[in-house]
Amino acid sequence: MSEREEGEVENADTKQHKRSNRFKSLDEKPVNQDGFAKEWPEEGLIAMDSPNDPDPSVTVKEGEIVEMDGKQREDFDFIDFFIADYAINVEKAEEALAIDSVEFAQRLVDINIAREDIIELTTAMTPAKLAEVVNQMNTLEMMMALQKMRARKTPGNQGHCTSVKDHPVQIAADAAEAALRGFDEIETTVGVARYAPFNALAQQLGSQAGRGGVLTQCAVEEATELELGMKGLTTYAETVSVYGTESVFKDGDDTPWSKAFLASGYASRGLKMRFTSGSGSEVNMGQAEGKSMVYLESRCVLVTKGCGVQGLQNGGISCIAIPSAVPSGIRGVLAENLITTMVDLEVASGNDQTFSHSHKRQMARTFPQLVAGTDLIFSGYSTMPNYDDMFAGSNFDSYDYDDYNVVQRDLKVDGGLKPIAEEDAIAVRNTAARAIQVVFRELGFPQITDEEVEAATYGDGSDDMPDRDQAADLKAAEELMEGDITGLDIVEILADHGFDDLAENMLNMLKQRISGDYLHTSAVIDGEFNVTSGVNDRNDYQGPGTGYRMSEERWEEIKDIRHAFDPEEV
Amino acid sequence: MSTKTEISRRKLQLEEKGIAEKGSESDEVVIAISPAFGETQTSTIVDIPLANVLRETMAGIEEEGLKSRLVRFIDTADLGNLGNRGAELSGSGISVGIQSKGTALIHQADLLPLSNLELFPQAPLLDREKFRAIGKNAAKYAKGENPSPVTVENDPMARPKYQALAAVLHIKESKSIDESREPVELEAHFE
């Protein structure tokens, strides 16, 4: 109670003081709705370079790391063991650690040094070394390094596709429009967990109505997520979380080994997968052990590497409002993206969750990844209004589509999206909505009415959608989960009812599971079902004239915004 | 041992009744609360007194003709775990889990900790009515019914405003964890 009383006294005080109109106006600005905190290093509420972070070191004996970051092998926790034994290139470790961190940071920025010349050293570094190297760099230098270090030359983008009503027709229609707008991947999640199979089905079907080749996932509990993939209702997975301290792992009844086992479950069934981590999760759970967010994140990145997984989404992710509440936090999440590329993993670089009320701050946070380019600049751009975003809102949503398109055009930068015509959006939304209607009917699920198809075709968000009988839907969703229906049954239904192109696209996605080409690092699939990855589209950036350069065709797409006037016709 | 906590001119007294055992009555729903609930923390992240949170949840369960049992977990503050383990102690196999900052879920004994029947992850959006509805729905699951889920709320700006504060509240709650302690049966007295 004493705190509250002090607060009341302060309020009484401020009433007596005459206030500046300017400061009063400033207090009302959106940025001051955000939560900010001072650093608290003892609990790890610090972005980079905590006084409690270890100094980098490594000792190798007979091919084994016997000492790492100031700890003897017998004192290792299970994360240390896992990283030392599986994630670090032991042969090069002592050489990499011997290089001065400032000098190494300079090599990362130097355009005369190619990615392939330093990747064998960056993959030989300990967690503390990776953190110490990025600590030397300012934001612009990290952007330069990110441009060079990302695995795939061509940047890409990923979207969220959810509904606060878990409305399957809305999800199918939004997925179709998202695919048409250029997203390489889209992901759904649920308001009510048991809706997962419906959301996964609606999203995959919808996406393939917009553009063949778009990858989809359904972010739910890990075992359920794997089962959805095995049923052919998704084509990748992302929500396998790893953490930087042993105690957070233990809270989830997990270890790095159990995560590796799960990862192999996806790989063996031909499903692309990446892990999830990101600054702030350990602080969020009260178990950061006083270490900085970037140091703990470098441990997450190396656990991911050690599991043999091709990529990672990080950059704050669902805890972004924690790093962004402390000084240098946005620089810190850029640093963790950079570390991920240094370890030769695909990076889906965040920008996926709300962290600020301020539009200026929202843009500033996204700028480094957008301008430098990453494998997936957003790991979740909300493809519908934020009120429907069941990842609790994204940094950008469907109302920002035109802003984003114009920024791509202004800066001639490829953010992975393109302007589309209204009639094209309506057409693909309608196809997706009609297709899910047929699939529900043929599988005996609760009816989808023509009114719902119409609402989803022309709608903006779930406010435009009629309510469904959720209890009946959930019962049918449970039957889908427990029954034998797979993606192949959906293909058959679509083919039998005149949705030939859509059926073929859905079938092609199932075929990818057998060829497995899209399990390579940073793989995405284009409209002709060609796989583009860090293997066949290697990033060779070395300054002007090298690396990713927009094709004329792509530039025409980006230039063609809806509201530009034609000077010749004026 | 009992503790008394001042809550907006009302007293919530949580009286410890010994180690919580697995219940045998199918008409009970366990309310599983976290280590600092009503102890060092007395209101949710949006200042709803925890006394009210408890009263509403219990009232929701009672409206459906069922009984509530209150259990405190001291060895974990993790919502999925305390909800799932609360459900294991519940005669009906259903529990409501609530953290001190107000985050809540409805859990069932045969689910995995990270799965659940209904999750309310955005504590700033939970008001007294929601807690009553959560209690009511938990009781319906306990009776074998298949209720429509409590309407999910989504405020995309809850995170920017509250996440850092939520982390600090959770860190402080975690300081009350004692891994050697068994879950404790409680009786709530509202004065």
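Mentor: We will take helix pairs, then a sheet, then single residues. Keep in mind that this is a predicted model.

Trainee: How are two packed helices described?

Mentor: Two packed helices are described by the angle between their axes and the distance between the axes. Take helix α22 (residues 487-496) and helix α23 (residues 500-515) of chain A. They pack at an angle of about 160°, with their axes 8 Å apart.

Trainee: What does that make α22(A) and α23(A) relative to each other, roughly parallel or roughly antiparallel?

Mentor: Angles over 145 degrees count as roughly antiparallel. Therefore α22(A) and α23(A) are roughly antiparallel to each other. Their crossing is left-handed.

Trainee: Which residues of α22(A) and α23(A) meet?

Mentor: From α22(A), G487(A), L488(A), I490(A), V491(A), L494(A) and A495(A) take part. From α23(A), the partners are D500(A), L502(A), A503(A), M506(A), L507(A) and L510(A). By class, the contact of α22(A) with α23(A) has ten nonpolar residues, one polar and one charged.

Trainee: At what angle do α8(A) and α17(A) pack?

Mentor: Helix α8 (residues 139-149) and helix α17 (residues 359-372) of chain A pack at about 35°, and their axes lie 8 Å apart. The crossing of α8(A) and α17(A) is right-handed. On the α8(A) side, T139(A), M143(A), L146(A) and Q147(A) make the contact. On the α17(A) side, F367(A), P368(A), V371(A) and A372(A) do. The classes in the contact of α8(A) with α17(A) are six nonpolar, two polar and no charged residues.

Trainee: Now the sheet. In what order do the strands come?

Mentor: Read across the sheet, strand by strand. In chain A, four strands form an open sheet in the order β6-β5-β4-β11, with parallel pairing.

Trainee: Which strands stand at the edges?

Mentor: β6 (215-218) and β11 (379-382) of chain A do. Each has a single partner strand, so one side of each is left without a neighbour in the sheet. The twist averages 30° from one strand to the next.

Trainee: How many bridges join β4(A) to β5(A)?

Mentor: Three bridges join strand β4 (residues 158-160) of chain A to β5(A), and the two run parallel. β4(A) also pairs with β11(A) in the parallel sense, over three bridges. Follow H160(A) across the sheet. H160(A) stands opposite E187(A) in β5(A). In β11(A), the bridge partner of H160(A) is S382(A).

Trainee: Which way do the residues of strand β5(A) point?

Mentor: In β5 (residues 185-188) of chain A, E185(A) and E187(A) point one way. I186(A) and T188(A) point the other way. All of these are buried.

Trainee: Last, single residues. Is S281(A) buried or exposed?

Mentor: Buried means under 20% relative accessible area. S281(A) has 8%, so S281(A) is buried. S281(A) lies in helix α14 (residues 281-284) of chain A. Not counting residues up to four places away in sequence, S281(A) touches Y243(A) and C319(A).

Trainee: Where is A128(A), and what is A128(A) in contact with?

Mentor: A128(A) sits in helix α7 (residues 127-135) of chain A. At 3% relative accessibility, A128(A) counts as buried. Leaving aside neighbours within four places in sequence, A128(A) is in contact with P54(A), D55(A), P56(A), D69(A) and Y295(A). Look at S57(A) as well. S57(A) and A128(A) are 71 residues apart along the chain, yet their C-alpha atoms are separated by 7.9 Å.

Key. Residues numbered from 1 in each chain as written. Chains lettered and ligands numbered in written order. Predicted model: local features only at pLDDT ≥ 70, side-chain atom pairs only at ≥ 80, totals over all residues. Heavy atoms only, no water. Axes fitted to C-alpha atoms, helices over the stretch in contact; angles between N-to-C directions. Parallel < 35°, antiparallel > 145°, perpendicular 65-115°, else oblique. Left-handed = near helix turned anticlockwise from the far one by under 90°. Contact = heavy atoms within 4.5 Å. Nonpolar A, V, L, I, M, F, W, Y, C, P; charged D, E, K, R; others polar. Buried < 20%, exposed > 50% of the residue type's maximum accessible area, 1.4 Å probe, protein only. Pairing = 2+ DSSP bridges.
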